[in-house]
Amino acid sequence: MKLTINHLSFSYSSSPILKGIDLALDLGEVLSIVGPNGSGKSTLLKCINRILKTKGNTVFVDGKDINKLNLKELSKIMGYVPQSSVSVFPFTVFDIVMMGRTPYIHWSPSEQDYEIVAETLDFLGLSDLAMRHFNELSGGEQQKVIIARALAQQPKILLLDEPTSNLDIKHQLEILCILKDLAQSKHCSIIVAMHDLNMASRFSDKMLMLKKGCIFAVGAPEKVLTEENIEAVYGIKAKVTKSIMGKPQVVPLEPISSKEVSEAPSKFALLT
Amino acid sequence: MTTNKNCNPKNFYEENKGKKIFVIFCLLVSLLVTAAVSVSLGAASPGFIEAVQVVLSKIFPFLGFDPGSKITQLIILEIRLPRVLLAIIAGAGLAASGATMQGVLRNPLVSSYILGISAAAGFGAALAIVLGIGFIAGVGWYLVIVNAYVFSWLAMVMVYGIARLRGITPETVILAGVAIGYLFSAALSLIQYVAPEYEAVRAVVFWLMGGLNRATWESIIILFPIVILTIFLMVLQAWNINVVSMGEDVATSLGVTPKRVLTITMVLETLATASIISFTGVIGFVCLISPHIARMLIGSDHRFLIPCSSLVGACLLLCSDTVGRLVLQPTEIPVGIVTSLLGVPFFLYILVSRRRRIWG
């Protein structure tokens, strides 16, 4: 599905978090949102998924305003993978993935729901863990279970908030490959907030760089990941080369002290 | 069609579900047995077989069971049976509320009293007793019941109102509930402190300890439909409670409105708890511990947990009351005290003997 965002703004009480975000995403595209801590990545994802309500009509799916959909209809279109997941009470992996079927069931799952959950578990290689308790799994396994839950929703658009942040390199790769596969084989549009610029560069079709709640740069990784942009947004000196995969590769060199930054042209002023 | 690997998760799941239903069935059977034993035990006991026959002859008069003598009938049908039924109903209602609130508020320390209901009910009852109406036999106790009930709802409305100011979340509800609970506790202490008559204070303390000795058929007729209805409605919300227990953002992204689920369950919980404790006085421990025992038995899926918890609660309260009735004959130990004395060791035993981590 085609996702369009028109001039989205959001503020917590008085302090603005997001200012005038415009964005368009096509079927089967992977978009990564990058930016420093507090730049509004998570907030943007939550606004898109209406976990946080924005004023006015800003988010459109295939031209339809999501504020006109009820929560159940929206949850059949969009899946969300939060930054961290804890289960206070013990649930099995199967139970948790079955919760992804919530938009389709009222009180008890149907035969079809069982099939879909079993297929999803199989797709992510989690079948052997199905009856294990969620809290007993490793971080990487837990993250896959949560992704499985979002996939069980059969969403057209999948939103993920730093899905690889706490994982080892193998799990990071596995999860990003799964996402890429989803986009290509199931034409799922994927928006993923990330910290790792090189992973983002390798796996996304488009990147969105946020700085203090505004879009600083958007477009193909080559266009977004430039030495100037990284310096202006993150306040670090970096060297950008080409990786063996043909994508931009960022090598961070050193942080710029805030004093130097304040002397820079006002357009690049950051870090109060 | 699905995975044909070494294991099919769906079959495991079905098997698991069968086990849960079996556990619930076993609990139901043991509850019935306990009830039958409890009816037959006590002063002037007519014996197990005879007691069961008296009850059965009343339920199925056409089957020709021995109805027993007039005095046996009076003891069994008018004194023991209402008390046993009240224990079952109260235990089930409180335990189901506890399971529901722990799930919705995502907190294993929550009991159904988290909204300050017990303190408010205590205050309401104390007010009625101390102002003198409690001493007029007959009408007096009804006023105590009504007053406790009204103040329970007042507490719930206050908590809801305060939590709403900051957006209804588990944190705001718990904090507001604790605060309102302290407020009513203070007011209760004040009443006891300034009460002019020693007898009134004694009556208040006695009420606060909670007991099933005031059980009558009237209380059963009032409580039974309320408790059955609220448990049924809670079970209807069970899937939503599962989802909400995973966190608000997740629930929203799955199409469930957490605030709505929280509001519905708060109303149901107050309906059940306020009605029950208005008749029985404060019996707190059952609603905290029964959900934990039930969760250890069958896991956290609230579709099974709520019925299982209510059966555990019913068994626990019934056993406690029976023990409380018998050990110090002819005196009775209030059921609230016995529940904790029996329940804590039992709970600790299960907690220690289980390998699996139960919480978080």
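Residues are numbered from 1 along each chain as its sequence is written, while chains are lettered from A and ligands numbered from 1 in the order in which they are written. The model is predicted, so local features need pLDDT of at least 70 and side-chain atom pairs count only at pLDDT 80 or more, whereas totals for chains, interfaces and linings use all residues.

The contact between the chains takes 37 residues from chain B and 35 residues from chain A. Two residues are in contact if their C-beta atoms, placed from the backbone, lie within 7 Å. On the side of chain B that touches chain A, α1 (9–40), α9 (238–244) and α10 (248–253) of chain B each give two or more residues. Helices (H or I, at least four residues) and strands (E, at least two) are DSSP runs, numbered from the N terminus. α1(B) gives the most to this side, with five residues. By class, the side of chain B has 15 nonpolar, 14 polar and eight charged residues. Here Ala, Val, Leu, Ile, Met, Phe, Trp, Tyr, Cys and Pro count as nonpolar, Asp, Glu, Lys and Arg as charged, and the others, Gly among them, as polar.

Chain A is divided into domain 1 (3–222) and domain 2 (226–272), with bounds from an automatic or database domain assignment. The centres of the two domains, taken over C-alpha atoms, are separated by 28 Å. Their contact takes twelve residues from domain 1 of chain A and ten residues from domain 2 of chain A. On the domain 1 side, α7 (197–203), β9 (206–211), β10 (214–219) and α8 (221–224) of chain A each supply at least two residues. α7(A) gives the most to this side, with four residues. Six nonpolar, three polar and three charged residues make up the domain 1 side.

The largest nonpolar core has 186 residues. Such a core is a set of buried Ala, Val, Leu, Ile, Met, Phe, Trp, Tyr and Cys residues joined through C-beta atoms within 7 Å. A residue is buried if 20 or more other C-beta atoms lie within 10 Å of its own, exposed if 12 or fewer, and partly exposed in between, with C-beta atoms placed from the backbone. V97(A), L159(A), I190(A) and I88(B) touch the most other members of the core. α3(B) gives the most to this core, with 17 residues. Both domains of chain A give residues to the core, so it lies between them. I190(A) is in contact with V30(A), L31(A), L158(A), L179(A), L182(A) and A183(A), leaving aside its neighbours within four places in sequence.

In chain B, helix α2 (residues 48–59) and helix α3 (residues 70–104) pack at an angle of about 80°, with their axes 10 Å apart. Axes are lines fitted to C-alpha atoms, for helices over the stretch in contact, and angles run from 0 to 180 degrees between N-to-C directions. α2(B) and α3(B) are therefore roughly perpendicular to each other (65 to 115 degrees). E50(B), A51(B), V54(B), V55(B) and K58(B) of α2(B) meet T72(B), Q73(B), I76(B), L77(B) and L81(B) of α3(B). These residues divide into six nonpolar, two polar and two charged.

I76(B) of helix α3 is buried, with 25 other C-beta atoms within 10 Å. I76(B) touches V39(B), P46(B), A51(B), V54(B), V55(B) and L81(B), not counting residues up to four places away in sequence. The C-alpha atoms of I76(B) and V52(B), 24 residues apart along the chain, are separated by 9.1 Å.

In chain A, eight of the eight residues of helix α1 (residues 41–48) are buried. Just after α1(A), R50(A) takes a positive phi of about 60°. R50(A) lies in the loop between α1 and β4 (59–61) of chain A and is partly exposed, with 19 other C-beta atoms within 10 Å. H187(A) also has a positive phi, near 55°. H187(A) is in the loop between α6 (169–185) and β8 (189–193) of chain A and counts as partly exposed, with 13 C-beta neighbours inside 10 Å.

Y80(A), in strand β6 (residues 78–81) of chain A, is buried, with 27 other C-beta atoms within 10 Å. Leaving aside its neighbours within four places in sequence, Y80(A) is in contact with N49(A), A150(A), L159(A) and S253(B). Y80(A) and N49(A) are 31 residues apart in sequence and 7.4 Å apart in space, C-alpha to C-alpha.

Terms used. Parallel < 35°, antiparallel > 145°, perpendicular 65-115°, else oblique.
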